[in-house]
Amino acid sequence: MQRAIALADQGMQQGSGGPFGAVIVKDGKIIAEASNQVTSTNDPTAHAEIAAIRVACQKLGTFQLDGCILYTSCEPCPMCLGAIYWSRFERVFYAANQQDAAAIGFDDQFIYDEIEKHMKNRKIPFEQTERDAAVAVFDKWDAKGDRIDY
């Protein structure tokens, strides 16, 4: 955890992005680490956890991180939480919490609130279109014999 916090401070001081850091450990060894890179890469998905997940998956040659532990300097946002579950981490440790982040301007509560709303009531309009064409591709996936399930 100390390394994740140090990465958060280092990245912030260097202007990479917000004060967040993440470290991924497997079998007691650090396999990936990153700080937030949102503003330096102009990528709103470049949170520390996402960046570290990308490095770990490349390094391990897999899209799932079974047996890995994530140390993150702050409780993950909704996007990172989704990525953590998709990655299949064994465990997650975090330092600061949602309220600590909100106190310095990183408030994710509005996203949690939006998830609970019906799509027609969200701030960003969502409209379904071309469903049949998309489902046809799903049907092809479902019938594909050599697919890699995840």
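1. Basis. This is a predicted model, in which local features need pLDDT of at least 70, side-chain atom pairs count only at pLDDT 80 or more, and totals for chains, interfaces and linings use all residues. Residues are numbered from 1 along each chain as its sequence is written, and side-chain values use heavy atoms, with hydrogens and water left out.

2. Core. The largest nonpolar core has 23 residues. Such a core is a set of buried Ala, Val, Leu, Ile, Met, Phe, Trp, Tyr and Cys residues joined through side-chain atoms within 4.5 Å. Buried means under 20% relative accessible area (1.4 Å probe, protein chains only). Ile24, Ile53, Leu65 and Phe89 have the most contacts inside this core. Two or more residues each come from β1 (21–26), β2 (29–35), α3, β3 and α4. Helices (H or I, at least four residues) and strands (E, at least two) are DSSP runs, numbered from the N terminus.

3. Ile53. Beyond its neighbours within four places in sequence, Ile53 contacts Ile24, Leu65, Ala83, Ile84, Ser87 and Phe89. Contact means heavy atoms within 4.5 Å.

4. Helix α4. This helix spans residues 78–87, and its buried residues are Pro78, Cys80, Ala83, Ile84 and Ser87. Their cover includes α3 (48–60), β3 (68–74), β4 (91–96) and α6. Arg88 follows α4 with a positive phi, near 70°.

5. Glu114. Glu114 lies in helix α6 (residues 109–116). Is Glu114 buried or exposed? Glu114 is buried, at 14% relative accessible area.

Methods. Buried < 20%, exposed > 50% of the residue type's maximum accessible area, 1.4 Å probe, protein only.
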